[in-house]
Amino acid sequence: MMTIGFSRTVRFFSRRDRIRGIVAFFGGIFLVMFRWPMFGMICQVYGLIYLFGQFFPIAAQSLQNTPVIGSIMRMPAVEKFFQDFGGGSGRLPV
């Protein structure tokens with residue numbers, strides 16, 4: 001929230017197309033608080049992937065320029081995975 005500001009954070013978490021990820025993430029937090037940690041963490045991971053899945057190809061593209069990880073990230077199978085995983089639109093989700 002401190003990076004992008006309060007208004008953009010509210011706008012990000014109030015978009016209708018992301019409601020499934022928002023409910024899963026915050027529902028997972030409540031499940032953890034109500035002593036269901038495994039199910040809660042699974043819900044949180046699903047929510048994070050649903051909310052930030054479009055960002056993974058951008059992060060993978062940045063990692064390709066690092067010395068050690070870059071050679072692994074440039075492998076065709078890994079590149080294809082990250083492109084298919086988030087849609088490969090190259091556009092930030094915020």
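**Group meeting: a walk through an all-helix predicted model**

Let's start with Arg 35, which counts as exposed at 76% relative accessibility. By that I go by this scale: buried is under 20% relative accessible area, exposed is over 50%, and partly exposed is in between, with a 1.4 Å probe and protein chains only. Arg 35 sits in the loop between helix 2 and helix 3, and it has a positive phi of about 70° although it isn't a glycine.

Now, some ground rules. This is a predicted model, where local features need pLDDT of at least 70, side-chain atom pairs count only at pLDDT 80 or more, and totals for chains, interfaces and linings use all residues. Residues are numbered from 1 along each chain as its sequence is written, and side-chain values use heavy atoms, with hydrogens and water left out.

pLDDT is the predictor's confidence in each residue, from 0 to 100. The protein chain averages 82, and 87% of the residues score at least 70. Where is confidence highest, and where is it lowest? Helix 2, residues 19–33, comes out highest with a mean of 93, while helix 6, residues 76–86, is lowest at 77.

On to the overall picture. The chain has 6 helices and 0 strands; these are DSSP runs numbered from the N terminus, with helices being H or I of at least four residues and strands being E of at least two. Of the 94 residues in the chain, 22% are buried. If you take contacts, meaning heavy atoms within 4.5 Å, between residues at least 6 apart in sequence, 47% of them join residues at least 24 apart. The chain exposes about 7200 Å², and carbon and sulfur atoms supply 69% of that. Accessible areas here come from the Shrake-Rupley method with a 1.4 Å probe, and for residues only the protein chains shown count as cover.

Let's go back to helix 2 for the surface. Phe 26, Phe 30, Met 33, Phe 34, Trp 36, Phe 39 and Ile 42 make a nonpolar patch of about 820 Å². Patches are built from residues with over 30% relative accessible area and no salt bridge, joining like charges within 9 Å and nonpolar side chains (Val, Leu, Ile, Met, Phe, Trp, Tyr) within 5 Å. Helix 2 gives the most, with 3 residues, and helix 3, residues 37–52, also supplies at least two. Trp 36 comes from the loop between those helices, and it is partly exposed at 48%.

Which residues form the salt bridge? That's Asp 17 and Arg 15, whose side chains meet at 3.0 Å, N to O. The rule asks for a side-chain nitrogen of Lys or Arg within 4 Å of a carboxyl oxygen of Asp or Glu, and by it the count is 1. Both partners are partly exposed, Asp 17 at 48% and Arg 15 at 32%.

Last stop: Gln 64, in the loop between helix 4 (56–63) and helix 5 (67–73). Is it buried or exposed? Gln 64 is buried, at 18% relative accessibility. Its side chain reaches the backbone oxygen of Met 73 at 3.4 Å. Leaving aside neighbours within four places in sequence, Gln 64 touches Gly 70, Met 73, Arg 74 and Glu 79.

Notes. A polar contact is a pair of N or O atoms within 3.5 Å; within protein, one must be able to donate a hydrogen and the other to accept it, and residues adjacent in sequence count only if both atoms are side-chain atoms.
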